[in-house]
Amino acid sequence: MRVALFITCVNDALYPSTGKAVLTVLARLGVEVDFPAAQTCCGQMHYNTGYRHDAEPLARRYARVFSGYDAIVAPSGSCAAMVREAYPRMAERAREEGDRGALADAVAEVVPRTYELSEFLVDVLGVEDVGAYFPHRVTYHPTCHSARLLRLGDRPLRLLRAVAGLELVDLPGSDECCGFGGTFAVKNPAVSAAMGADKVAHVEETGADVLCAADNSCLMHIGGTASRRSAHARGVHLAEILASTREAPWAR
């Protein structure tokens, strides 16, 4: 199986340890992973802000860079959802405007082969116990794109429950948005801040040491609010929890 890592913009720029954690987990499971250096943004920011035509070249580039891989793994429910859900809609709109299927043909190969990390582990590799050890009280926030578009369901929870030493606790109001929403947080800062405060309050109710999610963008937003409120829990990406072992603690 030829597997490629799609690191995504936020992780590449701000959270490179998450990408390294993905490689650590997959290597532990015997999966060799390529990192195509020509990869760039998936175009989500452009698309969600209404600049679809600016997102189309990025979709074509994604298709070109990741062509030929059996699986493309992303540590981001948000960006994986952009590829799987938005690329086909973009292609259809382009066809209606005279593209004659060029974009559709370009993305047809990569769309069904793009997976968020927990999907790849559970559905493709058939693995729930990745040999991780993380002795902390953890609560899980299902981010909007991962829950509503990718429909990850309990895949991340099944992976977390298999981690040795980890105590998983339910998050009240877990199905509520944290308020980030990409450019939503910029356009509607007051509403975004209020939603973030509600999420932090729910996290504090759990008594958890760690808040886990499949998107660092949401963890960043929640973490900023938590810091300003001097909240206890810290955000740790799912991949970094799964990469941690007794011999090599990833996220202490």
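Glycine 179 is in contact (heavy atoms within 4.5 Å) with Phe184, Ala185, Ser192, Met195 and His221, leaving aside its neighbours within four places in sequence. The model is predicted, so local features need pLDDT of at least 70 and side-chain atom pairs count only at pLDDT 80 or more, while totals for chains, interfaces and linings use all residues. Residues are numbered from 1 along each chain as its sequence is written, and side-chain values use heavy atoms, with hydrogens and water left out.

Glycine 179 sits in the loop between β6 (167-169) and α10 (184-187); helices (H or I, at least four residues) and strands (E, at least two) are DSSP runs, numbered from the N terminus. With a relative accessible area of 0%, glycine 179 is buried. Buried means under 20% relative accessible area, exposed over 50%, and partly exposed in between, with a 1.4 Å probe and protein chains only. Its C-alpha atom is separated by 8.5 Å from that of lysine 199, 20 residues apart along the chain.

The loop between β6 and α10 also holds serine 174. This serine is partly exposed, at a relative accessible area of 26%. Not counting residues up to four places away in sequence, serine 174 touches Tyr140, His141, Pro142 and Lys199. Serine 174 and threonine 143 are 31 residues apart in sequence, and 8.7 Å separates them in space, C-alpha to C-alpha.

Another glycine, glycine 196, is placed in helix α11 and is buried, with a relative accessible area of 0%. Cys178, His221 and Thr225 are touched by glycine 196, not counting residues up to four places away in sequence. Glycine 196 and glutamate 176 are 20 residues apart along the chain, and their C-alpha atoms are separated by 10.0 Å.

How do the helices α11 and α12 pack? Helix α11 (residues 189-206) packs with helix α12 (residues 216-228) at an angle of about 80°, their axes 9 Å apart. Axes are lines fitted to C-alpha atoms, for helices over the stretch in contact, and angles run from 0 to 180 degrees between N-to-C directions. The two helices α11 and α12 are therefore roughly perpendicular to each other, given that angles under 35 degrees count as roughly parallel, over 145 as roughly antiparallel, 65 to 115 as roughly perpendicular and the rest as oblique. On the α11 side, Ser192, Gly196, Ala197, Lys199 and Val200 meet His221, Ile222, Thr225 and Ala226 of α12. The residues of this contact divide into 4 nonpolar, 4 polar and 1 charged; Ala, Val, Leu, Ile, Met, Phe, Trp, Tyr, Cys and Pro count as nonpolar, Asp, Glu, Lys and Arg as charged, and the others, Gly among them, as polar.

In soluble globular proteins, nonpolar side chains tend to be buried together. A nonpolar core is a set of buried Ala, Val, Leu, Ile, Met, Phe, Trp, Tyr and Cys residues joined through side-chain atoms within 4.5 Å. The largest one here has 33 residues, of which Leu121, Val130, Ile241 and Leu242 touch the most other members. At least two residues of this core come from each of β1 (3-5), α2 (16-28), β3 (71-74), α7 (117-124), β5 (137-140), α9 (155-161), β7 (210-213) and α13 (238-243). The largest share, 5 residues, is that of α13. Leaving aside its neighbours within four places in sequence, leucine 121 is in contact with Val25, Leu26, Leu29, Gly126, Val127, Val130, Leu159 and Leu242. A second, separate core of 25 residues includes Phe6, Ala86, Ala94 and Val107.

The structure holds 0 disulfides, a disulfide being a pair of cysteine sulfur atoms within 2.5 Å. Cysteine 41 is in no disulfide, and its nearest cysteine sulfur, that of cysteine 9, is 3.8 Å away. Cysteine 41 is buried, with a relative accessible area of 18%. Cysteine 212 is also buried, with a relative accessible area of 0%. Its sulfur is 12 Å from the closest cysteine sulfur, in cysteine 218, which is too far for a bond.

Two residues remain for the backbone. Arginine 151 has a positive phi of about 55° although it is not a glycine. Arginine 151 lies in the loop between α8 (144-149) and α9 and counts as exposed, at 56% relative accessibility. Serine 230 likewise has a positive phi of about 55° without being a glycine. Serine 230 lies in the loop between α12 and β8 (234-237) and counts as exposed, at 65% relative accessibility.
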